[in-house]
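Here are my notes on the two-chain model, point by point. Please read them with the structure open.

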Amino acid sequence: MQGNIKEKVGMMFVSLMCTIMLSPAWALASEVVAMDQIPAAGDPGWWKWPVILLFVTFVMGIIAVLGGVGGGVLFVPIIGGFFPFHLDFVRGAGLLVALCGALAAGPGLLKANLASLRLAMPVALIASTMAIVGAMVGLALPTHIVQLALGGTILGIVAIMLSAKKSTVPHVPQADALSTALRITGVFYEPTTKEEINWKIHRTIPGLLTFIIIGFMAGMFGLGAGWANVPVLNLMMGAPLKISVATSKFLLSITDTSAAWIYLNKGCVIPMMVVPSLIGIMLGSFVGVRLLKVAKPTFIRWMVIIILLFAGLKAVQKGLSTMGYNLF
Amino acid sequence: MTHHNTKATEEQVQYAAILEKGMYSGLALMVITFALYVLGIMPSIVPLSEISIYWSMPVHDYLVAINTNFIHGEHLPTGWSWLKLIGYGDFLNFVPVTILSGVTIICYMVIIPGLFCRKDKAMAIMAIAEVLILTLAASGLLAVGGH
């Protein structure tokens, strides 16, 4: 009886938060702010946006854990679409948000041998190099082009989330030559089945080549790339799902570091944005882990997909309206 | 009794230990420096009440505006020039951000000798390459023009 009440309260809370996130009021808010004259003097209400940011990123942190997505993929399109901050600063903050999430999770995942350093290192080398290129290209392009491309990418992520399957332990008949030479293999203990699972990977070269694109997009959009890492590691290269998810999370700490430096050196970090975002996301993740026991993951995942669809369309709309086209 | 041979490798444990220390240090420092900034304990370059004027600008315009209005430097405050402004609350917050962004480089540097000792040359060379790439990104040499 108590469990049912907890479950209902947990679901009501998450539904309320998702409804707030989807509210068109956010779209109106950003339009109003954009139309306002820039005040000549200081704004005594300056603190409201960091406080709203703290609250929204707290909710995002909860939803990200429950929906199985990273903080960056929610942060950039939502904050970029509905807040008055310029996309340059949103992307810089998004990378730091994703980076901090990875730094928080990485040590535990490495010690538990769920994240594989040997699997991550060659992948990270390629992805981090391309993330630098992506960051440089993204900061050089006009904002409306990046906004449009971001919207298209978010809609693509929605498509991936709708269609991508997962394989708990893929069948890898034989490790390929490169992964054998690099000794990219391991063993982990699966508590649900009480068995030790020896894993190996294949299609290493195609997988590494895919990370060229993933790294580039991570740097360009400040998204974090977990949404792409997991399908490639799991479905293409054949790493078990748990190893793929854990290694992907750890991988972000390397990929996002390289891109974050580009944004940092370019001046795209405003502490009044970054710090409330980091605190909000980390506190939200903490709560999300506790709500995970009572929430229905499938329902949350659908809410995440709907939020991203809305945010992706908003980003496309913003990009097109700057070019003089109005979608709505 | 079943023996689970699932221990992480030595370099993995080493990497995790450094990463954890760097992460906690950076986060703890971030809370302190942000409190110093937002509570007005330290002066800030851009007055708190005026920050909302600038955060909707593209980054280049933002840097030009704050340099013109507040810093009055010869060059825009990009790269590592924030170090000269560390006495101000807003730029002091760059210290923990730098720690969090830099801890990965330290982790890689620490594991390289062990990789060579264990004759794991391929991984050691990859680790060196990664250190070079991340250091290049951190150096500020890859600055590009803004829009």
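1. Exposure of Lys119(B). This is a predicted model, and the points below should be read as such. Lys119(B) has 7 C-beta neighbours inside 10 Å and so counts as exposed, the limit being 12 or fewer. Its backbone deserves a look. The phi of Lys119(B) is positive, about 60 degrees, although the residue is not a glycine. Lys119(B) sits in the loop that joins α5 (94-117) to α6 (121-139) in chain B.

2. Overall make-up of chain B. The chain holds 6 helices and 0 strands. Along the sequence the pattern reads α-α-α-α-α-α. The C-alpha trace spans about 65 × 35 × 25 Å along its principal axes. Of the 147 residues, 36% count as buried. Among contacts in chain B with a separation of 6 or more, 66% join residues 24 or more positions apart.

3. Helix α1 of chain B. This helix runs over residues 10-38. Its 29 residues should span 42 Å at 1.5 Å a residue, and the end C-alpha atoms are 42 Å apart, so the two values agree. Gly40(B) follows α1(B) and has a positive phi, near 75 degrees.

4. The contact between the chains. On the chain B side 57 residues take part, and they meet 62 residues of chain A. At least two residues each come from α1, α2 (51-54), α3 (59-71), α5 and α6 of chain B. The largest share is that of α1(B), with 11 residues. By class, this side of chain B has 34 nonpolar, 17 polar and 6 charged residues.

5. Overall make-up of chain A. Here there are 13 helices and 2 strands. Buried residues make up 56% of the 328 residues. Of the contacts in chain A with a separation of 6 or more, 84% are between residues 24 or more positions apart.

6. The nonpolar core. The largest nonpolar core has 147 residues. Which members touch the most other members? They are Leu96(A), Leu99(A) and Ala120(A). Helix α5 of chain A, residues 87-111, gives the most to this core, with 15 residues. As background, nonpolar side chains tend to be buried together in soluble globular proteins.

7. The hairpin of chain A. Strands β1 (residues 185-190) and β2 (residues 195-200) of chain A pair in the antiparallel sense, over 6 bridges. Glu190(A) stands opposite Glu195(A) of β2(A). The hairpin has 4 residues between the strands, and Lys194(A) there takes a positive phi near 55 degrees.

8. Val172(A) lies in the loop between α7 (143-163) and α8 (177-181) of chain A. Val172(A) is also partly exposed, with 18 other C-beta atoms within 10 Å. The C-alpha atoms of Val172(A) and Arg203(A) are separated by 9.7 Å, with the two residues 31 residues apart along the chain. Not counting residues up to four places away in sequence, Val172(A) touches Lys200(A), Ile201(A), His202(A) and Gly238(A).

9. Helix α9 of chain A. This helix has 18 residues and reaches 26 Å from its first C-alpha to its last, close to the 26 Å expected at 1.5 Å a residue. Its buried residues include Thr204(A), Gly207(A), Thr210(A), Phe211(A) and Ile214(A). Further along, Gly215(A), Phe216(A), Met217(A), Ala218(A), Gly219(A), Met220(A) and Phe221(A) are among the buried residues too. Gly222(A) follows α9(A) with a positive phi, near 70 degrees.

How values were computed
Residues are numbered from 1 along each chain as its sequence is written. Chains are lettered from A and ligands numbered from 1 in the order in which they are written. This is a predicted model: local features need pLDDT of at least 70, side-chain atom pairs count only at pLDDT 80 or more; totals for chains, interfaces and linings use all residues. Two strands pair if DSSP finds at least two bridges between them. A residue is buried if 20 or more other C-beta atoms lie within 10 Å of its own, exposed if 12 or fewer, and partly exposed in between; C-beta atoms are placed from the backbone. The expected span of a helix is 1.5 Å times one less than its number of residues. Two residues are in contact if their C-beta atoms, placed from the backbone, lie within 7 Å. Ala, Val, Leu, Ile, Met, Phe, Trp, Tyr, Cys and Pro count as nonpolar, Asp, Glu, Lys and Arg as charged, and the others, Gly among them, as polar. A nonpolar core is a set of buried Ala, Val, Leu, Ile, Met, Phe, Trp, Tyr and Cys residues joined through C-beta atoms within 7 Å.
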